[in-house]
Amino acid sequence: MDDPHYLSGLDLTGRRVVVFGGGSVAQRRLPRLISAGARVELVSPVSPHTTPSVQGMADAGELVWHQRRYAEGDLRAAWYALACTNDPATNAEICAEAERERVFCVRADEGESGSAVTPATGRHGGLLFGVLSGGEPLRSAAVRDAMLDGLHAGTIEDGRRPHPEGTLPGVALVGGGPGDPDLITVRARRLLSRADVVVVDRLGPRDLLDELAPEVEVVDAAKIPYGRAASQDVINRTLVEKAKEGKFVVRLKGGDPYLFGRGFEEVQACAEAGVPVTMVPGITSAFAVPAAADVPVTHRGVAHEVVVVSGHVAPGDERSLVDWSLLARMRGTIVLMMGVERLPKFAAALLEGGRPGDTPVAVVEDGTMRTQRVLRSTLASVAEEAAAAGVRPPAVIVFGPVAGLDRNQAG
């Protein structure tokens, strides 16, 4: 049977919405109501009836919390209600009052008994759509997810109009994550599907390029360590020129653009030329790559500090801004990026500064990719062992006790 409900978009901005029950259902529904601008009131006793996350929304002033059970009259002057308590009889009473007050009400435990149901919703590029399936929520969610995947990949047309003549869509500076294309953010993937031009470097999630429409121009800005490289000035000029042609340009970078990615240099170049920039943070490989190799950069009782260091300049070089003697005296975690070529110098600097030779070290090459390799060593041996293993960039190197932790060993 077809779903009999009538789909409609509600403008809840500034309007009173009452949610009964502060458990896991409310925890899922409240953020969307708050972001829609509703004046949300929560009626729920304190723990265990209200989750810490819901309490956090109340503590942050995002909603008004009445710390009690439902009482007759709670729905006067309300526009919308959700009955999410763990007591079916109470939910039935709430729905009955909602019927009398002519307030649409969602009943979480018995959806068809309410006067409204919550669709599985998705957002994409200014679109908001909902799916109902006659009381089969898993089916609704599956269809919603398939729609989102198609919209993100561009296999489903989103109906977006071409850029009006003479406009300047600008540049999106997008962090692509550590390498695995599944680890790019939803917003980044959405913007990538809208691109007219994609300027990509070697560390960006290359597999996503195959999903681009044939008419999208791809500009290779590969920066191969110690080899052929596109000048940063050339990259900056390309972003500006393509944007001024009226094209939407996505600068797809690996990791996060602002962590040793020269992202802010590109933002400054665009700003100087009057080109608007949208910044989309990415999952930084400094933390994601160790995590993929079972190396937590912090751990209770083991490391209370993390320092991320660039390895493009050796210790002792006049251009270096790093105090290696200070790092050597630290007890926590050092994450070294771009450090493969000069690893012997970095290890020597830490040893000379007082770090013990048996300090655990993990070297993760091609992190999150199918070619990922992990070398476990110690500070005294890592330079020699990495050379013997033929470790090549890109690799993230972690120094500190966390690199010696074992997931199968109780803490």
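Tutor: Contact here means heavy atoms within 4.5 Å. Please keep in mind that this is a predicted model.

Student: Which residues does cysteine 84 touch, not counting residues up to four places away in sequence?

Tutor: With those sequence neighbours set aside, cysteine 84 touches Val19, Phe20, Gly21, Val25, Asn91 and Ala108. Cysteine 84 itself lies in the loop between S4 and H3.

Student: Is cysteine 84 buried or exposed?

Tutor: The criterion is relative accessible area, and buried means under 20%. Cysteine 84 has a value of 11%, so it is buried.

Student: Let us turn to charged pairs. How many salt bridges does the structure hold?

Tutor: A salt bridge pairs a side-chain nitrogen of Lys or Arg with a carboxyl oxygen of Asp or Glu, within 4 Å. The structure holds 20 of them. One of these joins arginine 16 to glutamate 41, with the closest N and O atoms 2.9 Å apart. Arginine 16 belongs to strand S1 and glutamate 41 to strand S2, so the pair ties together parts that are 25 residues apart in sequence. Both arginine 16 and glutamate 41 are buried.

Student: Which residue forms a salt bridge with arginine 68?

Tutor: The partner is aspartate 74, and the closest N and O atoms are 2.8 Å apart. Arginine 68 is found in the loop between strand S3 (64–66) and strand S4 (80–83). Its contacts, leaving aside neighbours within four places in sequence, are Val43, Ser44, Pro45 and Asp74. Arginine 68 counts as partly exposed because its relative accessibility is 32%, whereas aspartate 74, at 8%, counts as buried.

Student: Where do glutamate 72 and arginine 100 lie, and what does their pairing tie together?

Tutor: Glutamate 72 forms a salt bridge with arginine 100, the closest N and O atoms being 2.9 Å apart. Glutamate 72 is in the loop between S3 and S4 and arginine 100 is in helix H3 (residues 88–101), so parts that are 28 residues apart in sequence are tied together. Both glutamate 72 and arginine 100 are exposed. Salt bridges may also be linked: Asp201, Arg251, Lys253 and Glu266 form such a network.

Student: How should I describe two helices that pack together, and what is the case for H6 and H7?

Tutor: One reads the axis distance, the crossing angle and the handedness. The axes of helix H6 (residues 232–244) and helix H7 (residues 263–272) come within 9 Å and cross at roughly 45°. H6 and H7 are therefore oblique to each other, and H6 passes H7 in a right-handed crossing.

Student: Which residues of H6 and H7 meet?

Tutor: An α-helix has 3.6 residues a turn, so residues three or four places apart point the same way. From H6, Gln232, Ile235, Asn236, Leu239 and Val240 meet Glu265, Glu266, Ala269 and Cys270 from H7.

Student: What covers the buried residues of H8?

Tutor: The buried residues of helix H8 (residues 285–292) are Ser285, Ala286, Ala288, Val289 and Pro290. Their cover includes strands S13, S14, S15 and S17. At the start of H8, a side-chain oxygen of threonine 284 reaches to within 3.1 Å of the backbone nitrogen of alanine 286. Just after H8, aspartate 294 takes a positive phi of about 65°.

Methods: Residues numbered from 1 in each chain as written. Predicted model: local features only at pLDDT ≥ 70, side-chain atom pairs only at ≥ 80, totals over all residues. Heavy atoms only, no water. Buried < 20%, exposed > 50% of the residue type's maximum accessible area, 1.4 Å probe, protein only. Helix = DSSP H or I, 4+ residues; strand = E, 2+ residues; numbered from the N terminus. Polar contact = N/O pair within 3.5 Å; in protein donor to acceptor, adjacent residues only side chain to side chain. Axes fitted to C-alpha atoms, helices over the stretch in contact; angles between N-to-C directions. Parallel < 35°, antiparallel > 145°, perpendicular 65-115°, else oblique. Left-handed = near helix turned anticlockwise from the far one by under 90°.
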